[in-house]
Amino acid sequence: MSAPVTNRSLHRLPPLDAVRVVGALAVVAHHVGFATGINVGDGPWAGWLARLDVGVAVFFVLSGFLLYRPWAHARATGQPLPGAGIYLWRRALRILPAYWLTVVVCLLVVPRNADATAGDWARHFTLTQIYDAYGLRHALGHTWSLATEAVFYVLLPILAVLALSGRRRAGRPVLILAVAALITATWVALLSTGVLSLSRHTTWLPSYAIWFGAGMALASVHVSLSNGHLPRWRFLDDMGRAPLACWGTALALLGVATTSIAGPRTLAEPTAAQFGLKITLYAMIAVLVLVPLAFGPQTRTKAAFGSGFARWLGLVSYGLFLWHPFVLEMLYEVTGRQEFTGDLLETYAITVAGGLLLASLSYYLVEKPLLRLGHLRRRRPPGNSTESQSATPAATAAS
């Protein structure tokens, strides 16, 4: 009789729910800062608000970590790899219905979308809007990141099999990160030579391969440490004991990114070098945000981030991502405000409140009922009781 399979490398990590919330609130602040004109000004907060699109990096790293972890766990514990069909079915149920509802409302209700064509509808429904030069409509510009992440979802079963090939049960975190970094570096090089367009191809998946790869590498290490492999990576558990040090360093790196070294704060195009440096800085920031909540022992910090209210906010954070640009757009439309005007704090509070209201309705009326279908279609594999903890798509301003 075989030994029972351990589940310690796949136990649920409640503090990561709060990471979604932090990322979502940062992205909302970024959008509100742009709408009110703060981002493009010279005030003391302009640079910080402009760089709060770092939330997209946090979400992409989180996606790589959470979605790859079941594959790494299965490999480390000698179980069959998760089925690609079930995985993709559950991803589709988690993402598409609520997203499609948002698309319908935004294209029908937002006045500036009155001229939307059949092509606009088709591109947004199929998440191919980023492959058209002018494919993003008003209140839907943030969905570029969802379109990018959807490609990662589809490719992940293949990437996981490739990453887990060979004899090493613990995976290859260094190789995963190196390959991902090489993909992004090659893409940036093509941008710098003019083979690819900075105005179009910076939203495509290869630009952000290093973010997803960083998350996958962290998942590989996390599973390995939980199963007694890769002891040399134990320093990540030590970092998990020092959240203030990690987050202080992340804040310092964000401070560097607020300067012109990471490109302009307006809609002007950065150089390829500036874009590449921004991607690199954001990758390091996102990793430093994630590590204290995923690694190390249980701490008071983790307990706070894993509280019931934080976890509830995590549940509705996808809806906040989807709906907050609609709330912001309609706020300006109904009140007759001019673009790049308005009080920052007031606008932020209204956008968050309205976004959370619509997010709650979306979760309880659309997302939660349909998620049950994902459980009806699968047979629960041994030791995979936490497969439902998955990342929420990221969002940031279209540029």
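The model is predicted: local features need pLDDT of at least 70, side-chain atom pairs count only at pLDDT 80 or more, and totals for chains, interfaces and linings use all residues. Residues are numbered from 1 along each chain as its sequence is written, and side-chain values use heavy atoms, with hydrogens and water left out.

**Overall make-up**

The protein has 14 helices and 0 strands. Helices (H or I, at least four residues) and strands (E, at least two) are DSSP runs, numbered from the N terminus. Of its 399 residues, 53% count as buried; buried means under 20% relative accessible area, exposed over 50%, and partly exposed in between (1.4 Å probe, protein chains only). The accessible surface comes to about 17,100 Å², and carbon and sulfur atoms hold 68% of it. Accessible areas come from the Shrake-Rupley method with a 1.4 Å probe; for residues, only the protein chains shown count as cover. Among contacts in the protein with a separation of 6 or more, 80% join residues 24 or more positions apart. Contact means heavy atoms within 4.5 Å.

**Helix H3 and its contacts**

Helix H3 (residues 54-76) packs on helix H11 (residues 272-294) and also meets helix H8 (residues 209-226). The table gives the geometry of each pair.

| Pair | Angle | Axis distance |
|---|---|---|
| H3 and H11 | about 55° | 8 Å |
| H3 and H8 | roughly 40° | within 6 Å |

Axes are lines fitted to C-alpha atoms, for helices over the stretch in contact, and angles run from 0 to 180 degrees between N-to-C directions.

With H11, the angle of about 55° makes H3 oblique. Angles under 35 degrees count as roughly parallel, over 145 as roughly antiparallel, 65 to 115 as roughly perpendicular and the rest as oblique. The crossing of H3 and H11 is right-handed, a term used if the near helix is turned clockwise from the far one by less than a right angle. On the H3 side the contact includes Val54, Val61 and Phe65, and on the H11 side it includes Tyr282, Ile285 and Leu290. The residues of this contact divide into 11 nonpolar, no polar and no charged. Ala, Val, Leu, Ile, Met, Phe, Trp, Tyr, Cys and Pro count as nonpolar, Asp, Glu, Lys and Arg as charged, and the others, Gly among them, as polar.

With H8, the axes cross at roughly 40°, and H3 is therefore oblique to H8. This crossing is right-handed. Among the H3 residues that meet H8 are Phe60, Ser63, Gly64, Arg69 and His73; the H8 residues include Trp211, Met216, Ser220 and His222. The contact of H3 with H8 divides into 15 nonpolar, 6 polar and 1 charged.

**Two loop residues with positive phi**

Most residues other than glycine have a negative phi. Leu127, in the loop between helix H5 (118-125) and helix H6 (144-163), has a positive phi of about 55°. Leu127 is buried, with a relative accessible area of 10%. Phe340 has a positive phi of about 65° and lies in the loop between helix H13 (308-335) and helix H14 (344-376). Phe340 counts as partly exposed, at 42% relative accessibility.

**Ala98**

Ala98 is in helix H4 (residues 84-109) and is buried at 2% relative accessibility. Leaving aside neighbours within four places in sequence, Ala98 is in contact with Tyr318, Leu322, Ser362, Val366 and Glu367. Ala98 and Tyr363 are 265 residues apart in sequence, yet their C-alpha atoms are 8.0 Å apart.
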